[in-house]
Each structure stands twice: as C-alpha cells, then as structure tokens.
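Me: I'm new to this one. Can you walk me through it?

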Amino acid sequence: MTSRIFNFAAGPAVLPEAVLEEAQRDLLALPGVGMSILEISHRSKAFDEIIQGCEADMRRLANIPSNYQVLFLQGGASLQFSMVPMNILPVGGKADYILTGSWSKKAVKEAQKVGTVQIAGSTESENFSRIPEASEIRIDPDSAYLHFTTNNTIFGTEWEKEPESAGLPLVADASSDIFSRPIDVSRYALIYAGAQKNLAPAGATVVIIRDDMLARSPKGLPTMLDYNTHAKERSLYNTPPVFTIYVMRLVMKWLLGEGGLEGIGRRNAEKAGLLYDAMDGSGGFFRPHARPGSRSKMNVTFRLPSEDLEKRFVAEATAQGLDGLKGHRSVGGIRASIYNAFPVVGVNVLVSFMREFQKKNG
Ligand SMILES: *Cc1c(COP(=O)(O)O)cnc(C)c1O
C-alpha cells in the first residue's frame, strides 16, 4: 500500500483513515448484500438502512430535535445560496446577511435575485480578518431571517458562538465547521453544509431545517428546489448521492466513537492551539490573518515576511509530505485546513517544519 501524506486541503479534504479502510474493505460487496455500495439501488433495503442510519447517528451526534428535518441534497452549498431565499424569503421581502468572506458574498448575490438583502454587519474593509462584534450588527426586525457563515474557509475566521438574531430565524452556512464542536441546533431555523469538508467526500449537501420553515416555500417552485419535496420523500425523491451518504454514515459512526462533538471539539481546539501558539511565539515571522477572538479552528491562514518565502515554504513543505498548504489567492500566504479527520500528529509535524523553516530563513 502507498503511504499517506498529510493532507491540508480546504476541500474536498482528509477523511478518517478508519473510514477509508472500512469503505475499502467493503467496496466489492457490502456485508450481507453481496454487491458494492456503488452498484445498489437507492430503493433497496440495504441503502434504506444506510441513509436512515446516517440520519439517526447525526441526530444523536448533534442532538437534533424532532421538529427538524435532515435532508441529503445535491448541488453543493452553492445551490443552498439560492434554495434558502427561494424557499424562505417571501418574494419582494427582505433578509439580513452578515458579510464575513467570499462565501457569504456569494450567498448575498443569490438572495438578491429573490428579494432585498440588508447587510447586517461586515468586516470587508478589514479584508475579513475578523468576525464583527455584537455592537456592529444591525438587525431589522421585519426581515425574514438572518444568514451568516459559521466558518470562513478562505479567510480563516470563525464565529465563537452564533450571532444574536433578535428573534429572526437564524440561517447558517456551516459547510466548513459543521460538527467540529458542540452545537445547539435549536437556536437555528436552518443549517446547511456541503459534505466535502467535514462530513464525507463531495456530492451531498446536508440541510437541517426546522419544520415551521417548510411552510414558507411558495407554490410553484421547481420540484427539485422545494425543501418540501425532499422532506416528504426523506431525500429519496430522486436518486441521492448514494456513495457519499454511505461514507457520511461511516463518518457519523466515527465521530460518535471519538467522544461525539465534545470529544472532537476538544481535539480541534488542541490542534488549532498548537498552530496559533507556534505563530504567536515566532516573533512575527508567521502572522495569522485572523485576529485573536476570530481565529478559525478549521482553516488556519497565515503570512510569512515575503511572498518569496511563502512560495518556498509551500514547495519545501510539499516535498516533505505536507500537502495543500497554499493559501487562497484572496488572502495569499498559507492555509492549513485541519478538519475533524486531520490527525494531531500532522499538526505537530507542521509545527516542527515551521520552526525549522524559520531557523533557516528568519
Ligand atoms: C466550500 C464552501 C462552500 C461551497 O460549497 P460547494 O459545495 O462547493 O458549493 C460554501 N460555503 C462555505 C463556507 C464553504 O466552505
């Protein structure tokens, strides 16, 4: 078997090794089924157990109340930028959005096609290097909902806790930090997340939606874009992404075995702490993009003294089996994505590499 390197990619991203091994072991034939997960009908009993099991484990993991539906959709988080306003923003109505990065911007752009978007807060003038303070957020009580991005994958900032929504239904794009720490689902009206960062391989989007939101969808929406279609048919109106849901099911089991969201949350805090401590102790050689209080535990973004050094850093790291560290062009520098499945040992290897690199180049 070829050996695995450390994968710091932002998404699709690293998966737990135990999950990959189980998927590999059962790839030719699911136990008791005799066919591959890649071949079976989405209407089969075997798949029904997988999708129901995935949902049940997710409900247990995140303590999802019974008045919420869990949907497995396609089209990525990007389609949710449209589906959210199409379903829960009345035509001609308004919604509040907090602007904290590239993904929130894209969400705003799609919502503007349905109604009026009010920017309830933004840190764009500071290149999204922090999350807005509570005092900087202005909420319109007549808005249909408040939308925010829980973790800003590109800029490396994350909300420590959800914003106060002043009674508005709270809608979150949680694509890059879903189930990375405990979450109180009952504070949200709708949570959505593309699978390929913290849940599974690419191909599915999870939507957790409170029942009362389902009543908002206007008549005449295209069938596939109406949440009610998928809620009624338990995500089996059409062929769902069978393999992605299968792997997600394994990831849910893995998370439960890792101590649930408390357990994984502690480990994520430890991993991110190792990196931020190393940077804070580097005398300014490594400079985090995110300001203290807004630092992401999933995507750690930082700069070096020059672009030339950053290029060398990435090249030398890659040569040593630390892959995917090049930052997004809108921030530059380095981005280390350390999602749930990223091992602590890989963070320690990166920290040692950083110390060595500074010794040689600092
Ligand atoms: C990756 C990402 C998206 C886009 O997800 P797709 O599934 O590719 O559409 C949206 N929002 C956030 C926060 C992301 O990290």
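**The seven-stranded sheet**

Reply: This is a predicted model. In it, seven strands form an open sheet with mixed pairing, in the order E2-E10-E9-E8-E5-E3-E4.

Me: Which strands stand at the edges?

Reply: Strand E2 (68–73) and strand E4 (116–122) do. Each has a single partner strand, so one side of each is left without a neighbour in the sheet.

Me: By how many degrees are neighbouring strands turned against each other?

Reply: By 20 degrees on average, direction ignored.

Me: What packs on this sheet?

Reply: Helix H3 (residues 76–88) does. Helix H3 touches E2, strand E3 (94–99), strand E8 (170–173), E9 and E10. The direction of H3 makes about 155 degrees with that of E9.

Me: Back to the strands. How many bridges join E9 to E10?

Reply: Five bridges join strand E9 (residues 190–194) to strand E10 (residues 205–210). The two run antiparallel.

Me: What stands opposite tyrosine 192?

Reply: Valine 207 in E10 does.

Me: What holds paired strands together, in general?

Reply: Strands of a sheet pair through backbone hydrogen bonds, either parallel or antiparallel.

**The other sheet**

Me: There's a three-stranded sheet too. What order does it have?

Reply: The order is E11-E12-E14. This sheet is open as well, and its pairing is antiparallel.

Me: And which strands are at its edges?

Reply: Strand E11 (287–288) and E14. Each pairs with a single partner strand, so one side of each has no neighbour in the sheet.

Me: How many bridges join E12 to E14?

Reply: Four, with the two strands running antiparallel. Valine 300 stands opposite alanine 336 in E14.

**Helix H9**

Me: New topic. What span should H9 have?

Reply: Helix H9 (residues 307–319) has 13 residues. At 1.5 Å a residue, H9 should span 18 Å. Its end C-alpha atoms are 18 Å apart, which agrees.

Me: Which residues of H9 are buried?

Reply: Leu309, Glu310, Phe313, Val314 and Ala317 are buried. They cover an arc of only 135 degrees around the axis, which puts them on the same side of H9.

Me: Why would residues three or four places apart point the same way?

Reply: An α-helix has 3.6 residues a turn, so residues at that spacing point the same way.

Me: What do the buried residues of H9 pack against?

Reply: They pack against strand E12 (299–303), strand E13 (322–323), strand E14 (334–337) and helix H10 (344–361).

Me: Which exposed residues does the face turned away carry?

Reply: Lys311 and Ala319.

Me: What comes just after H9?

Reply: Glycine 321, which takes a positive phi of about 85 degrees.

**Backbone details**

Me: Which residues other than glycine have a positive phi?

Reply: Asparagine 127 is one of them, with phi near 50 degrees. Serine 235 is another, with phi near 60 degrees.

Me: Is serine 235 buried or exposed?

Reply: Serine 235 is buried, with a relative accessible area of 3%. Asparagine 127 counts as partly exposed, at 35% relative accessibility.

Me: One more. Where is the cis peptide bond between a glycine and a proline?

Reply: A cis peptide bond joins glycine 11 and proline 12, with omega about -10 degrees. Proline 12 is in the loop between strand E1 (6–7) and helix H1 (17–25).

Conventions: Residues are numbered from 1 along each chain as its sequence is written. This is a predicted model: local features need pLDDT of at least 70, side-chain atom pairs count only at pLDDT 80 or more; totals for chains, interfaces and linings use all residues. Side-chain values use heavy atoms; hydrogens and water are left out. Two strands pair if DSSP finds at least two bridges between them. Axes are lines fitted to C-alpha atoms, for helices over the stretch in contact, and angles run from 0 to 180 degrees between N-to-C directions. Contact means heavy atoms within 4.5 Å. The expected span of a helix is 1.5 Å times one less than its number of residues. Buried means under 20% relative accessible area, exposed over 50%, partly exposed in between (1.4 Å probe, protein chains only). The arc is that of the directions from the helix axis to the C-beta atoms.
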